[in-house]
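Please look first at the sequence and the 3D structure shown below, and keep both at hand while reading.

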Amino acid sequence: LDLATLRAISLRQTARLVAGLEGLDVVTPRDERRGGFVSVRVAEASRVVSELEARGVMTDARGAMLRLGPAPYVTDDEIDRAVAILRDVLSPR
């Protein structure tokens, strides 16, 4: 995998995340200026990280920013599953 291929994969995956998180407070740029993570502002981000990890979704947080960072070996199905789980964790109970 060369740099151009890795960047193309990253842009495709992060675009998929951004689209899947529509309606949430996504703070990541929508255009190609974005890096390899998609950041979402959430209440109690560290709690959300723990709940996601318990359900098999690895993320991290910096303050109120939940960060999702796909990788070349992550499939579209895994990205979609992570988005669905995140939405479930964030849904009011």
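Arg 47 counts as partly exposed because its relative accessibility is 32%, which lies between the 20% and 50% cut-offs. The model in which this value was computed is a predicted one. Arg 47 forms a salt bridge with Glu 44, the closest N and O atoms being 2.9 Å apart, and the side chain of Arg 47 also meets that of Glu 51 in a salt bridge, at 2.2 Å from N to O. Side chains of opposite charge can pair when their charged atoms come close. Glu 51 and Arg 47 both belong to helix α2, which covers residues 45–54, and they stand four residues apart, about one turn of the helix. An α-helix has 3.6 residues a turn, so residues three or four places apart point the same way. Glu 51 is partly exposed, with a relative accessible area of 26%, whereas Glu 44 is exposed, at 54% relative accessibility.

Most residues other than glycine have a negative phi, and most peptide bonds are trans.

How many salt bridges does the count come to? The count comes to nine salt bridges.

| Asp 31 | Arg 33 | 2.9 Å |

Elsewhere, salt bridges link Arg 12, Arg 16, Asp 76 and Asp 80 in a network.

Helix α2 can next be considered as a whole. Which residues of α2 are buried? They are Ala 45, Val 48, Val 49 and Leu 52. Seen down the axis of α2, these buried residues fall within an arc of 105°, so they line one face of the helix. The face turned away from this buried side carries the exposed residues Ser 46 and Ala 54. On the buried side, the residues of α2 pack against β2 (60–62), β3 (65–68) and α3.

The next topic is the largest pocket. This pocket has a volume of about 330 Å³. It is lined by 15 residues, and those closest to its centre are Val 57, Met 58, Val 74, Glu 78 and Ala 82. Helix α3, which covers residues 76–90, gives the largest share of the lining, namely four residues. Sorted by kind, the lining residues of the largest pocket divide into 10 nonpolar, three polar and two charged.

Val 57, one of the residues closest to the centre of the largest pocket, lies in the loop between α2 and β2. Is Val 57 buried or exposed? Val 57 counts as buried because its relative accessibility of 5% is under 20%. When residues up to four places away in sequence are not counted, Val 57 touches Leu 52, Arg 81, Ala 82 and Ile 85. Val 57 and Val 83 are 26 residues apart in sequence, and their C-alpha atoms are 9.3 Å apart in space.

Thr 14, found in helix α1 (residues 3–20), is buried at 0% relative accessibility. Not counting residues up to four places away in sequence, Thr 14 touches Arg 34, Gly 35, Gly 36, Val 38 and Pro 70. Thr 14 and Arg 34 are 20 residues apart in sequence, and 8.3 Å apart in space from C-alpha to C-alpha. Ser 39 is found in strand β1, residues 38–41, and is buried with a relative accessible area of 14%. Leaving aside its neighbours within four places in sequence, Ser 39 is in contact with Asp 25, Val 26, Val 27, Thr 28, Met 65, Leu 66 and Arg 67.

Technical notes. Residues are numbered from 1 along each chain as its sequence is written. This is a predicted model: local features need pLDDT of at least 70, side-chain atom pairs count only at pLDDT 80 or more; totals for chains, interfaces and linings use all residues. Side-chain values use heavy atoms; hydrogens and water are left out. A salt bridge is a side-chain nitrogen of Lys or Arg within 4 Å of a carboxyl oxygen of Asp or Glu. Buried means under 20% relative accessible area, exposed over 50%, partly exposed in between (1.4 Å probe, protein chains only). Helices (H or I, at least four residues) and strands (E, at least two) are DSSP runs, numbered from the N terminus. Contact means heavy atoms within 4.5 Å. On a 1 Å grid over the protein atoms alone, a cavity is a set of points where a 1.4 Å probe fits but cannot get out, and a pocket is an open set with protein on both sides within 12 Å along at least five of seven lines; lining residues have an atom within 4 Å of a point. Grid points are joined across faces, edges and corners, and a volume is the space filled by probe spheres set on the points. Ala, Val, Leu, Ile, Met, Phe, Trp, Tyr, Cys and Pro count as nonpolar, Asp, Glu, Lys and Arg as charged, and the others, Gly among them, as polar. The arc is that of the directions from the helix axis to the C-beta atoms.
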